[in-house]
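Welcome! Here is a friendly walk through one protein chain, from the overall picture down to a single residue.

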Amino acid sequence: GIVTLDDGEGLTGDPIVYAGVVYFSTWVPEADRCDGGEGRLYGIDFEDCTQGIDTDSDGTVDTTDELYVAHEDKYISGITVTSQGTLFYGISGADTDGASDPVGQLSSSSDAFLGTQTLAWLEVF
């Protein structure tokens, strides 16, 4: 599959792949670049470029979800995924009074271990 970005939209960091989903951040400038733009965090399925993140918070990833999460006039960078499947990403424009959060957070709806099981074996002699 192919995901077509908007005119002028560009990556703001390196893409990462976690549990079959490709995550990457972009910036879409306004027509007048002095007016800001929109930061986007994409989450697309590695196999077919369909939705890969639960943007409507209903607990499932399906066609009702968007391909990305948008932050108006905020620059997104630095995507990190924890071993439990939580995504953290940096958001520009944090206020010193704490009114805006400098870190975004999403939960990956993918099984982090893709259905594998852990098996332990212990022998005592």
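A contact here means heavy atoms within 4.5 Å. With that in mind, residues 24 or more positions apart account for 37% of the contacts in the chain with a separation of 6 or more.

What you see is a predicted model, where local features need pLDDT of at least 70 and side-chain atom pairs count only at pLDDT 80 or more, while totals for chains, interfaces and linings use all residues. Residues are numbered from 1 along each chain as its sequence is written, and side-chain values use heavy atoms, leaving out hydrogens and water.

How confident is the predictor? The score called pLDDT gives its confidence in each residue, from 0 to 100. The chain has a mean pLDDT of 81, and 77% of its residues reach 70 or more. Confidence is highest in strand S3 (residues 21-29), at a mean of 93, and lowest in strand S8 (residues 103-107), at 70.

**The overall build**

Helices (H or I, at least four residues) and strands (E, at least two) are DSSP runs, numbered from the N terminus. This chain has 0 helices and 8 strands. Of its 125 residues, 30% are buried, a word that stands for under 20% relative accessible area, with exposed meaning over 50% and partly exposed in between (1.4 Å probe, protein chains only).

**Strands side by side**

Two strands count as paired if DSSP finds at least two bridges between them.

| Strands | Sense | Bridges |
|---|---|---|
| S1 and S3 | antiparallel | 2 bridges |
| S2 and S3 | antiparallel | 3 bridges |
| S3 and S4 | antiparallel | 9 bridges |
| S6 and S7 | antiparallel | 4 bridges |

Across from Thr 26 in S3 stands Leu 11, Val 22 in S3 is the bridge partner of Val 17, and Val 28 has Glu 38 in S4 as its bridge partner.

There are hairpins to look at too. Between S2 and S3 lie 2 residues, and Ala 19 in this hairpin takes a positive phi near 50°. The hairpin of S6 and S7 has 4 residues between the strands, and Gly 85 in its turn has a positive phi of about 95°.

**The nonpolar cores**

In soluble globular proteins, nonpolar side chains tend to be buried together. A nonpolar core is a set of buried Ala, Val, Leu, Ile, Met, Phe, Trp, Tyr and Cys residues joined through side-chain atoms within 4.5 Å. The largest one here has 12 residues, including Tyr 18, Val 21, Leu 41, Ile 53, Ile 79 and Tyr 89. S3, strand S6 (76-81) and strand S7 (86-91) each give two or more residues to this core, and S7 gives the most, with 3 residues. Apart from it lies another core of 5 residues, among them Val 22, Phe 24, Tyr 42 and Cys 49.

**A closer look at Asp 6**

Where is Asp 6 found? Asp 6 sits in the segment before strand S1 (10-11). Is Asp 6 buried or partly exposed? Asp 6 counts as partly exposed because its relative accessibility is 38%. Not counting residues up to four places away in sequence, Asp 6 touches Val 28 and Arg 40. Asp 6 and Val 28 are 22 residues apart in sequence, and 7.2 Å apart in space from C-alpha to C-alpha.

Key. pLDDT is the predictor's confidence in each residue, from 0 to 100.
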